[in-house]
Amino acid sequence: MTRELSDSDKQQLLLIAREAVVNYVANGIVSETQAPAANLNERGGCFVCIKKDGNLRGCIGNFISDKPLFQLVQEMAVSAATRDPRFYPMKTEDLADFSLEISILSPLVKINSCDEIKIGTHGIYLEKNFCRGVLLPQVATEQGWDRNTFLSQTCIKAGLRANDWEEGADIYVFSAQVFG
């Protein structure tokens with residue numbers, strides 16, 4: 001997705017994500033959603049994060065998709081609710097009060113120097129050997145991290161040592177339109 005979403009587009013995606021979570025958790029189905037605005041039929045990546053009482057409850061995404069954005073949001077919302085290995089699958093009692101945050105992603109760009117990472121603008125996708133990890137742009141600002149801490153935490157998320165970013169890692173940046 002290359003252009004900025006309108007407020008209406010964002011609200012529509014949030015509604016699609018919420019309905020997908022509620023329908024799947026309550027009934028085990030994902031309802032068929034009609035194709036919305038043309039903007040939401042473009043191909044692109046997204047992450048959907050679920051929070052409960054301000055705490056992360058699930059977050060799953062994809063950088064690329066052959067599906068329209070609105071369908072990817074729907075799929076990632078269900079996955080965040082039921083397939084994030086860090087949390088148990090949501091149950092009907094969890095539906096009473098949860099919030100959603102959607103991040104619509106720019107394409108990944110490989111960087112040559114960590115100095116290119118801008119805190120508050122970039123997320124990090126890091127690969128080394130067969131390990132990979134990603135942290136969204138808002139994580140560093142929410143946690144008050146500097147660039148080195150952001151890189152170290154991305155390594156830890158990938159299952160690497162905190163300083164493994166310093167040598168032999170492929171590092172990519174991306175930006176995101178974040179709303180909830």
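Helix 1 buries Asp9, Lys10, Leu13, Leu14, Ile16, Ala17, Ala20, Val21 and Val25, where buried means under 20% relative accessible area and exposed over 50%, with partly exposed in between (1.4 Å probe, protein chains only). Seen down the axis of helix 1, these buried residues fall within an arc of 160°, so they line one face of the helix; the arc is that of the directions from the helix axis to the C-beta atoms. The face turned away from the buried side carries the exposed residues Asp7, Ser8, Gln11 and Asn27.

A note on the source: this is a predicted model, in which local features need pLDDT of at least 70 and side-chain atom pairs count only at pLDDT 80 or more, while totals for chains, interfaces and linings use all residues. Residues are numbered from 1 along each chain as its sequence is written, and side-chain values use heavy atoms, with hydrogens and water left out.

Helices (H or I, at least four residues) and strands (E, at least two) are DSSP runs, numbered from the N terminus.

| Element | Residues |
|---|---|
| strand 1 | 45-52 |
| helix 2 | 69-82 |
| strand 3 | 99-105 |
| strand 8 | 176-179 |

Just after helix 1, Gly28 takes a positive phi of about 75°.

Now to Trp165, which lies in the loop between helix 4 (147-157) and strand 7 (170-174). Trp165 is buried, with a relative accessible area of 14%. Not counting residues up to four places away in sequence, Trp165 touches Cys114, Leu126, Asn148, Leu151, Ser152, Cys155 and Ile171.

Definitions and conventions. Contact = heavy atoms within 4.5 Å.
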